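Open the model in your viewer and keep the selection tool at hand. We will go stop by stop.

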Amino acid sequence: GFYEQKNINSEIIIEDELIVDLDNIKELTTAENLQVIITRMTCGELDLIEADERTFKYYAELETIADLRDVFDSEQLQELNNYIYYVDEIPVGLTLENASPEFKENFLFLESNPVIGIADMSENKEIVEEFLIYIFETEI
């Protein structure tokens, strides 16, 4: 896997377990899950967020997702260009339909236009950058 191949000791924290249903945002479970996710992102406790496209856009509009131009250099962004997901013309995520099969096996939202992005307050952006390149099997 990624950690062994890159000889990395720290773990990337990915949120993919709490469900947020924007159609029922007033429902207690949805509201609690949303609050937990946003709090963890703003406190630097999450590195990556995975969600369906609509929910991911919601997080991005709250400015909790990093601008990919602050993480990847221009050459890397060019290599990932076919996967980039934009919100208000800002590259904030990567669509997952072409991610590596190893990663897709454990992905919760595969049937609903999944997107992954970096939590803006992540303290592991360099490792996350390598991880995203790894899951897209892109040689950058």
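Which residues of H2 are buried? Select helix H2, residues 28–42. This is a predicted model. The buried residues of H2 are Thr 30, Asn 33, Leu 34, Ile 37 and Met 41. Look down the axis of H2: these buried residues fall within an arc of 100°, so they line one face of the helix. Now pick Leu 28 and Gln 35. Both are exposed, on the other side of H2.

Stay here and check the length of the helix. H2 has 15 residues, and at 1.5 Å a residue they should span 21 Å. The end C-alpha atoms of H2 are 21 Å apart, which agrees.

Next, select Asn 33 in helix H2. Is Asn 33 buried or exposed? Asn 33 has a relative accessibility of 14%, and buried means under 20%, so Asn 33 counts as buried. Asn 33 and Val 20 are 13 residues apart along the chain, and their C-alpha atoms are separated by 6.3 Å.

Step off the end of the helix. Just after H2 comes Gly 44, with a positive phi of about 80°.

**The whole chain**

Zoom out and color by element. How many helices and strands does the protein chain have? There are six helices and five strands. From the N terminus on, they run α-β-α-β-α-α-β-β-α-β-α. The protein chain has 140 residues, and 47% of them count as buried. Its accessible surface comes to about 8,000 Å². Carbon and sulfur atoms hold 41% of that surface.

Now think about contacts. Take those in the protein chain with a separation of 6 or more: 66% of them join residues 24 or more positions apart.

Color by pLDDT. The average for the protein chain is 82, and 76% of the residues score at least 70. Which element has the lowest mean pLDDT? Helix H5, residues 101–104, has the lowest, at 66. Strand E3, residues 84–87, has the highest, at 96. Where pLDDT is low, the predicted coordinates should not be read in detail.

**Helix H3**

Select helix H3, residues 53–61. Its buried residues are Thr 55, Phe 56, Tyr 59 and Ala 60. Seen down the axis of H3, they fall within an arc of 145°, so they line one face of the helix. What covers the buried residues of H3? The cover includes H2, strand E2 (48–52), E3, strand E4 (90–95) and E5. Then find Glu 63, which follows H3. Its phi is positive, near 60°.

**Helix H6 and the cores**

Move on to helix H6, residues 125–135. Eight of the 11 residues of H6 are buried, so this helix is largely enclosed by the rest of the structure. Select the buried ones: Ile 127, Val 128, Glu 129, Phe 131, Leu 132, Ile 133, Tyr 134 and Ile 135. Just after H6, Glu 137 takes a positive phi of about 45°.

Now show side chains. The largest nonpolar core has 23 residues. Leu 48, Phe 72, Leu 94, Ile 118, Leu 132, Ile 135 and Phe 136 touch the most other members. E5 and H6 each supply at least two residues of this core. The largest share, seven residues, comes from H6.

Click on Phe 136. Leaving out residues up to four places away in sequence, Phe 136 touches Leu 80, Tyr 83, Leu 94, Thr 95, Leu 96, Asn 98 and Ala 99.

**Last stop: Ser 122**

Where is Ser 122? Ser 122 sits in the loop between strand E5 (114–118) and helix H6. Its relative accessible area is 8%, so Ser 122 is buried. Show its contacts, again leaving out residues up to four places away in sequence. Ser 122 touches Leu 46, Asp 47 and Val 128.

How values were computed: Residues numbered from 1 in each chain as written. Heavy atoms only, no water. Helix = DSSP H or I, 4+ residues; strand = E, 2+ residues; numbered from the N terminus. Buried < 20%, exposed > 50% of the residue type's maximum accessible area, 1.4 Å probe, protein only. Contact = heavy atoms within 4.5 Å. Core = buried A, V, L, I, M, F, W, Y, C linked by side-chain atoms within 4.5 Å. pLDDT = per-residue confidence, 0-100. Expected span 1.5 Å × (residues − 1). Arc of directions from axis to C-beta. Areas by Shrake-Rupley, 256 points an atom, 1.4 Å probe, with all protein chains shown as cover.
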